[in-house]
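Please keep the structure in view while working through the numbered points.

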Amino acid sequence: MADPGVETKNLVSIILARRGRKKWHWTDIFSYTYLALGIFLMFGPVLWLGMSSFKTRAGLLEFPPTFFPLGQIELQVEGYEKPLLLFDVKMDDGSTRQLAQIRRIGIVSQMVDPKNPGEKFKIPIDQRTKVREFRMAWENYRDPLERFNFLLFLKNSVVVTVVATLVTLLINSMAAYGLSIYEFRGRNAIMLFVIGTLMIPITVIMVPVYLVVTNLGMVNSLWAVILPGAATPTGVFLLRQYMLTIPKELIEAARMDNASEWTIFSKVVLPLAMPAIAVLAIFSVMWRWNEFLWPLIVLNRTEVYTLQVGLNAFQGELDVQWHYILAMTVVTLIPVALVFAFLQKFITTGIASSGMK
Amino acid sequence: MTKNTDQPAAVKNTAVSIAGWPVQQVFRLLEYPFSKIQRGVGVQGMPWIFLLPNLIFFGIFVIIPLFINFAFSFTGGTELFLSNRVYTGTEQYRFLLDCKTFGDPITCREDRFWKGLYNTFIFVFFQVSFLVLFSLITALILNREIRGRGFFRAVFFFPVLLSPVVVALIWKWILLRDGILNAFLVSIGMDKILFFVSPEWAMFWAVFVSIWAHMGFYTLILLAGLQAIQPDLYEAAEMDGTSKERVFWRITLPLLWPNLLVVVVLALIKGVQVFDEVFVLTGGGPGTATQFIVQYIYNTGFTEQVQNFGLASAASIVLGVILFVLTMLQLAVTRARDNG
């Protein structure tokens with residue numbers, strides 16, 4: 001840990017010596033400074049993203065930027081078709097007037113008094129300042145959903161996330177059931193095999209999986225994203241560990257009652273394993289929603305892009321439309337923020353107890 | 001997972017029922033075919049039936065590709081289908097590993113690969129050291145009796161859930177030429193810095209952003225480790241009037257050490273595979289300054305005009321070997337920790 005030095009320590013203890021009976025330690029000061037800095041550094045960027053996403057295209061180009069989204073006031077002036085921009089103008093006699101700009105020619109701008117449309121002025125541009133008001137540019141959110149394929153990307157992402165999570169839950173819980181309830185020859189070998197696949201991440205087998213997916217005719221379909229990652233070793237492992245804690249007597253009793261194995265699985269074991277299944281569901285949703293590298297490889301046509309791939313394509317364009325990108329980044333972030341807000345404890349206990357992400 | 005009892009029951013039940021409902025519908029549909037199957041194979045055969053779907057998936061998407069990967073790396077040409085490819089023996093590996101001096105990427109025949117490897121090494125070195133350092137500091141602070149601990153834990157944790165694309169875009173927006181950071185620099189009388197034009201700055205921000213995004217995860221693991229330390233040890237130390245510094249060096253750190261090692265190795269495994277955030281943030285640039293090994297494989301196999309699958313496979317096997325060594329290290333370290 002960083003040591004702010006002995007002097008600081010003495011200084012701090014002198015300043016704070018009279019505060020209560022418990023003495024302050026330099027680590028207390030350090031902790032609260034660190035946490036305050038932490039809030040700024042962790043939340044600041046996201047807050048800035050949110051604020052910026054409500055600025056107009058022109059507002060985003062401003063330097064230095066303003067914190068709140070401000071839009072220049074536009075006025076409808078009699079005799080002019082388009083709305084005109086409003087400025088505060090310092091007149092030659094020293095007074096300040098609010099004028100609307102008709103057009104700008106070089107460093108001179110032609111202006112008109114909105115209250116008295118007959119009165120026109122020629123003003124050097126450095127004598128005017130924009131009149132602005134707090135205005136949220138909702139069109140940043142509306143336009144991409146209407147004009148671009150964004151709604152399609154959103155739909156693709158939802159389809160991938162939901163279908164992949166269902167497939168994962170189904171086959172992983174079945175495998176976990178097979179590995180936890182039964183005693184059979186080869187069980188340990190299978191378990192080792194399952195854990196062993198953890199060692200082979202997609203980064204190592206990109207090319208051959210692409211070949212397999214091509215062979216199955218799935219390139220540029222959402223199945224190419226859904227299926228390859230459906231059987232997760234972490235999922236099987238997590239569910240199996242949980243199912244092992246289910247008392248054997250329950251299963252024996254169900255067998256006595258002539259219940260089929262599938263019935264025991266779906267009616268007895270699964271309901272009991274729900275906490276673990278919920279954790280896996282949350283993880284799977286996050287994995288799939290955020291997945292990037294693999295979709296980037298197998299989805300090459302705009303119609304099948306997921307949100308992440310679509311966002312990346314947008315930001316890679318030559319004429320980067322930041323006002324749309326920022327708004328869409330916020331849209332992409334919202335589901336995860338909701339999951340986090342409601343299920344934070346689930347996620348953190350899940351990670352702390354299994355060490356997976 | 002079994003210690004979820006501190007969960008507010010209402011939240012838990014809602015979550016469980018939301019997650020569980022669609023699943024149960026699927027299960028009801030599968031009832032009939034499975035009872036038919038059971039009549040056929042008997043109860044002894046059922047575990048295999050239950051395992052089958054998962055194993056088929058592993059087979060098709062992990063095991064078969066693993067073998068094909070080797071086959072690819074021993075063939076050349078641009079054909080994707082194996083039967084059309086030409087056997088070239090160890091040609092790809094010799095091409096990849098042909099260097100005059102291994103310390104300098106420029107002397108290698110495939111200098112992009114070595115540049116990627118070299119960049120990855122630099123990235124991992126700085127990213128892992130600072131990641132672990134800051135995670136440790138954060139975990140130590142969150143383990144103290146501070147007000148609003150849950151809130152602060154969330155503050156440091158939430159970026160873990162953000163997608164790499166979102167993380168990269170958030171920071172790219174801050175670091176642009178006319179971004180807020182440069183506005184700040186100008187306001188304190190400095191010049192604007194073009195962060196994505198200078199190789200050093202690009203690497204710095206690649207490391208920084210990736211630490212920002214992943215710190216919460218490691219903090220959480222270390223926090224769990226800290227909370228597992230017996231409180232009576234601290235009480236005893238307090239009785240003896242031991243200084244806080246001494247308590248840290250003599251009690252906290254030694255007892256946390258096994259967890260710390262696990263975190264280091266986990267971070268290494270993730271770090272070597274760095275791609276997503278940095279790819280969106282810098283695109284590997286300027287030039288190849290932040291191009292890492294995974295991006296080399298991706299570029300070689302999928303984005304170049306001539307898709308060189310053989311070379312990409314050979315490179316991914318090199319990556320696989322590195323990961324294998326690290327995973328063995330992880331197993332050893334985890335075993336050491338769990339055996340106390």
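1. In this predicted model, helix α5 (residues 164-175) of chain B and helix α7 (residues 199-227) of chain B have axes that come within 11 Å and cross at roughly 130°. That angle makes α5(B) oblique to α7(B), since angles under 35 degrees count as roughly parallel, over 145 as roughly antiparallel, 65 to 115 as roughly perpendicular and the rest as oblique. Axes are lines fitted to C-alpha atoms, for helices over the stretch in contact, and the angles run from 0 to 180 degrees between N-to-C directions. Helices (H or I, at least four residues) and strands (E, at least two) are DSSP runs, numbered from the N terminus.

2. The crossing of α5(B) past α7(B) is right-handed; a crossing has this hand if the near helix is turned clockwise from the far one by less than a right angle, and is left-handed if anticlockwise. On the side of α5(B), the contact (heavy atoms within 4.5 Å) is made by B:V167, B:W171 and B:L175. On the side of α7(B), B:W205, B:F208, B:V209, B:W212 and B:A213 take part. These residues comprise 8 nonpolar, no polar and no charged. Here Ala, Val, Leu, Ile, Met, Phe, Trp, Tyr, Cys and Pro count as nonpolar, Asp, Glu, Lys and Arg as charged, and the others, Gly among them, as polar.

3. Helix α7 of chain B also contains B:T219. Is B:T219 buried or exposed? At 4% relative accessibility, B:T219 counts as buried; buried means under 20% relative accessible area, exposed over 50%, and partly exposed in between (1.4 Å probe, protein chains only). A polar atom of the B:T219 side chain lies 2.8 Å from the backbone oxygen of B:M215. When residues up to four places away in sequence are not counted, B:T219 touches B:S135, B:T138, B:A139 and B:L142.

4. Helix α11 (residues 293-303) of chain B is mostly covered, with 10 of its 11 residues buried. Among them are B:I293, B:V294, B:Y296 and B:F302.

5. Helix α9 (residues 233-243) of chain A and helix α12 (residues 274-290) of chain A pack at an angle of about 165°, with their axes 9 Å apart. This makes α9(A) roughly antiparallel to α12(A), and their crossing is right-handed. Helix α9(A) contributes A:T234, A:G235, A:L238, A:L239 and A:Y242 to the contact, while α12(A) contributes A:P275, A:A276, A:I277, A:V279, A:L280 and A:W287. By class, the contact residues are 9 nonpolar, 2 polar and no charged.

6. Helix α14 (residues 307-316) of chain A is largely enclosed by the rest of the structure, because 8 of its 10 residues are buried. A:V309 belongs to this helix and is buried at 3% relative accessibility. Not counting residues up to four places away in sequence, A:V309 touches A:F292, A:P295 and A:L296. A:V309 and A:S31 are 278 residues apart in sequence, and their C-alpha atoms are 39 Å apart in space.

7. A:Q101 is placed in strand β4 (residues 96-105) of chain A and counts as buried, at 13% relative accessibility. Although 10 residues separate A:Q101 from A:M111 in sequence, their C-alpha atoms are 4.3 Å apart. The side chains of A:Q101 and A:S109 make a polar contact (3.4 Å). Such a contact is a pair of N or O atoms within 3.5 Å; within protein, one must be able to donate a hydrogen and the other to accept it, and residues adjacent in sequence count only if both atoms are side-chain atoms. Leaving aside neighbours within four places in sequence, the residues in contact with A:Q101 include A:L84, A:F87 and A:R128.

8. Two asparagines in loops of chain A have positive phi values. For A:N220, phi is about 65° although the residue is not a glycine; A:N220 lies in the loop between α7 (206-215) and α8 (223-226) of chain A. A:N258 likewise has a positive phi, near 65°, and is found in the loop between α10 (248-256) and α11 (261-272) of chain A. A:N220 is buried, with a relative accessible area of 16%, whereas A:N258 counts as exposed at 72%.

9. Residues are numbered from 1 along each chain as its sequence is written, chains are lettered from A and ligands numbered from 1 in the order in which they are written, and side-chain values use heavy atoms, with hydrogens and water left out. As the model is predicted, local features need pLDDT of at least 70 and side-chain atom pairs count only at pLDDT 80 or more, while totals for chains, interfaces and linings use all residues.
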